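Please look over the sequence and the model below before reading on.

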Amino acid sequence: MDFSKTQSEDDFNKAHTKAFINEIQHLLSPEEASLISLNDVKQMIKASAETYIGMKVIPIDKIVGSEGRYNDFDNRFFPKSSHLKNRWQHVDEAAIQDITLPPIKVYEIAGLYFVRDGNHRVSVAKARGTEFIDAEVVSLQSEIKLRKADSLKEIQKQIINYEKRVFYSETNFGDITDYWCLDFSRAGRYDVIYNHILTHKYYMNQNRTTEVSMEEAIKSWFYNVYFPLVSIIREKFILRDFPGRTLGDLYVWTVRYWDDLKQKFGDSVPMDQAVTGFKKQYKIPFTKRILNKTKGIILRKAISNLNPELEEEN
């Protein structure tokens with residue numbers, strides 16, 4: 001066996017081991033070790049159009065996901081499965097022998113790159129510490145610019161922060177209500193709130209000769225709909241039954257549940273009954289939350305006892 005084959009096998013084994021350790025470390029939150037799917041990001045950002053950019057030299061560290069092979073590699077592009085070995089080693093051997101391979105193909109969205117073709121080449125390049133790679137680029141147009149992220153959760157957080165800035169800026173919501181903590185754990189919910197306000201404005205305009213202003217509608221919605229509902233949520237300590245969620249999340253879910261109740265039983269269903277019913281039907285059981293925490297403690301202890309050489313590789 002020649003040097004390049006021996007070296008490429010060793011390179012693959014190291015990269016595969018790193019992927020294994022990464023998965024073990026994120027056993028309770030596997031999504032944090034998963035390679036980001038382009039489709040998941042497109043659904044959150046809602047890119048408007050495609051533009052062919054052409055050939056570019058792009059930074060490897062801004063390649064954060066894949067269009068179709070996101071299940072084969074972890075979030076650092078290390079190979080997760082041994083069935084990738086043959087192809088991965090061939091690409092690595094080419095790199096060892098300084099053989100030039102064709103450019104990869106990527107989508108660019110919000111300043112980050114997702115592989116269309118060439119996932120193994122990216123994986124090998126990252127494993128070898130390469131900083132730049134030739135790529136044929138198609139750009140998906142978007143107003144937001146994202147920073148480098150290691151997980152979909154991190155990207156989602158950036159998108160939520162962007163949506164909040166846009167919502168507060170375009171509606172003057174904070175100045176009107178003096179409420180600056182309308183927060184969510186998922187993207188797209190500021191649009192839901194905006195539609196709730198528009199619906200509220202529509203009903204306010206019924207039987208009126210003058211148009212209700214957007215400022216009036218926001219004030220009325222906040223003080224007559226949102227604030228009373230989240231006050232009940234606070235009073236009944238609902239948030240502690242939904243770890244990681246926000247008052248805004250609970251508002252959106254409860255309103256949806258309340259609407260379902262009204263369709264079944266009529267408009268007379270009271271707000272507090274909707275909140276209580278939602279909690280009973282959807283809360284995470286206390287025993288399950290304790291079990292998850294216990295699993296996390298056990299897992300962290302097990303990881304700390306791993307072979308030090310494996311930890312060093314990670």
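## Terms and basis

A residue is called buried if its relative accessible area is under 20%, exposed if over 50%, and partly exposed in between, with a 1.4 Å probe and protein chains only. This is a predicted model, in which local features need pLDDT of at least 70 and side-chain atom pairs count only at pLDDT 80 or more, while totals for chains, interfaces and linings use all residues. Residues are numbered from 1 along each chain as its sequence is written, and side-chain values use heavy atoms, with hydrogens and water left out.

## The whole protein

The protein has 12 helices and six strands, where helices (H or I, at least four residues) and strands (E, at least two) are DSSP runs numbered from the N terminus. Of its 314 residues, 41% count as buried. The accessible surface comes to about 17900 Å², and 50% of this belongs to carbon and sulfur atoms; such areas come from the Shrake-Rupley method with a 1.4 Å probe, and for residues only the protein chains shown count as cover.

A contact means heavy atoms within 4.5 Å. Among contacts between residues at least 6 apart in sequence, 73% join residues at least 24 apart.

## The sheet

The six strands form an open sheet in the order β1-β3-β5-β4-β6-β2, with mixed pairing. Its edge strands are β1 (36–37) and β2 (50–59), each of which pairs on one side only; two strands are said to pair if DSSP finds at least two bridges between them. As a general point, strands of a sheet pair through backbone hydrogen bonds, either parallel or antiparallel.

Strands β1 and β3 pair in the parallel sense over two bridges, and here serine 37 stands opposite serine 66 in β3. Strand β3 (residues 63–66) also pairs in the parallel sense with strand β5 (residues 112–117), over three bridges. Isoleucine 63 stands opposite tyrosine 113 in β5, and glycine 65 has phenylalanine 114 as its bridge partner in β5. Helix α4 (residues 119–127) packs on the sheet, where it touches β3, β4 (104–109), β5 and β6 (132–140), and its direction makes about 130 degrees with that of β5. For such angles, axes are lines fitted to C-alpha atoms, for helices over the stretch in contact, and the angles run from 0 to 180 degrees between N-to-C directions.

The expected span of a helix is 1.5 Å times one less than its number of residues. Helix α5 has 20 residues and reaches 28 Å from its first C-alpha to its last, close to the 28 Å expected. Its buried residues include Ile155, Ile159, Phe167 and Thr171, and the buried residues of α5 pack against β1, α2 (38–45), β5, α6, α7 and α8.

Helix α7 (residues 189–204) has 16 residues and should span 22 Å, which agrees with the 23 Å between its end C-alpha atoms. The buried residues of α7 are Arg189, Tyr190, Ile193, Ile197, His200 and Lys201. Seen down the helix axis, these buried residues fall within an arc of 135 degrees, so they line one face of α7; the arc is that of the directions from the helix axis to the C-beta atoms. On the other side of α7, Asp191 and Tyr203 are exposed. Elements that cover the buried residues of α7 include α5 (152–171), α6 (173–177), α8 (214–235) and α9 (247–265).

## Selected residues

Which residues other than glycine have a positive phi? Phenylalanine 77 is one of them, with a value of about 70 degrees; this residue lies in the loop between β3 and α3 (85–96) and is buried, with a relative accessible area of 0%. Asparagine 172, with phi near 60 degrees, is another. Asparagine 172 lies in the loop between α5 and α6 and is partly exposed, because its relative accessible area is 41%.

Threonine 254 lies in helix α9 and counts as buried at 1% relative accessibility. Not counting residues up to four places away in sequence, threonine 254 touches Leu229, Ile233, Ala274, Val275 and Phe278.

Leucine 239 has its place in the loop between α8 and α9 and counts as partly exposed at 31% relative accessibility. Leaving aside neighbours within four places in sequence, leucine 239 is in contact with Arg245, Thr246, Leu247 and Leu250. Leucine 239 and lysine 283 are 44 residues apart in sequence and 9.3 Å apart in space, C-alpha to C-alpha.
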